[in-house]
Amino acid sequence: AVNPTHEQARLGSAVHECLRPLPRAGQADWEGLPEIAERHEVSADDLRALVGLGQKMWRGLAKIFPAARTEVPMMVELDGSILTGTADIIGRSLATAHVGDWKSGRLDVNHREQLLGYCALALLSDPSLDEATAGVLWIREQEYEHYSLRREDLPAYLRRLETEVIQWNGTYRPGAHCRHCPRSHE
């Protein structure tokens, strides 16, 4: 299987679900945590620890995401191709969008392209924005790693997206992320 389900993925989904009310309610879904752990088939103790770390992290970062909303679907059509994503957290200050993506696992890979994609989606969805910033909220490490895209840099990003992704010629280019694939020996 290309995307086998494993405990860390289920735990990450459960963490996202518990943290969803943070921007609105100021706290995680502690009441629903046992049922969420059971539904995702993960340890309630592991989930509780990560949710506690996420809530602690949010208290320090909430000001970065003013008027934040959660689980916001974004979609833009680009010359017949559709760019989509769901922002875990999105807020706005003046003419800047702020997107956050919770990461609860231990796998430290480069999420730059995912984050720039969120930035592009935000800029393309709202012409009044001058800039978008998207960042990974590393729960275990309590770190915020972010990237920004200004409106004037958007055309160059979209050209690169067009040539490297949309018009991809099918040539497989393995990267550092491939070392975690169960088929890496192939």
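This report looks at one helix pair and a handful of salt bridges in a predicted model.

## Ground rules

Since the model is predicted, local features need pLDDT of at least 70 and side-chain atom pairs count only at pLDDT 80 or more, while totals for chains, interfaces and linings use all residues. Residues are numbered from 1 along each chain as its sequence is written, and side-chain values use heavy atoms, with hydrogens and water left out.

## How H1 and H4 pack

Let's start with helix H1 (residues 7-19) and helix H4 (residues 44-61), whose axes sit 10 Å apart at an angle of about 50°. Helices here are DSSP runs (H or I, at least four residues), numbered from the N terminus. The axes are lines fitted to C-alpha atoms over the stretch in contact, and angles run from 0 to 180 degrees between N-to-C directions. The pair is therefore oblique, the label for whatever is left once angles under 35 degrees (roughly parallel), over 145 (roughly antiparallel) and 65 to 115 (roughly perpendicular) are taken out. H1 passes H4 in a right-handed crossing, meaning that the near helix is turned clockwise from the far one by less than a right angle.

On the H1 side, Glu7, Leu11, Ala14, Val15, Cys18 and Leu19 meet Asp46, Leu47, Leu50, Val51, Gly54 and Gln55 of H4, with contact meaning heavy atoms within 4.5 Å. Sorted by class, that contact has 8 nonpolar, 2 polar and 2 charged residues. For the classes, Ala, Val, Leu, Ile, Met, Phe, Trp, Tyr, Cys and Pro count as nonpolar, Asp, Glu, Lys and Arg as charged, and the others, Gly among them, as polar.

## Salt bridges

Side chains of opposite charge can pair when their charged atoms come close. The structure holds 10 salt bridges, each a side-chain nitrogen of Lys or Arg within 4 Å of a carboxyl oxygen of Asp or Glu. One of them joins Arg39 to Glu35 at 2.9 Å, N to O. Both residues lie in helix H3 (residues 33-40), 4 residues apart, or about one turn of the helix. Arg39 is partly exposed at 44% relative accessibility, and so is Glu35 at 45% (partly exposed lies between buried, under 20%, and exposed, over 50%, with a 1.4 Å probe and protein chains only).

What about Asp101 and Lys103? Their closest N and O atoms are 2.8 Å apart in a salt bridge. Asp101 is buried at 4%, and Lys103 is buried at 18%.

## A linked network

Arg112 and Glu113 form a salt bridge too, with 2.9 Å between the closest N and O atoms. Arg112 is partly exposed at 34%, as is Glu113 at 39%. Salt bridges link Arg112, Glu113, Arg160 and Glu164 in a network.

Notes: Helices (H or I, at least four residues) and strands (E, at least two) are DSSP runs, numbered from the N terminus.
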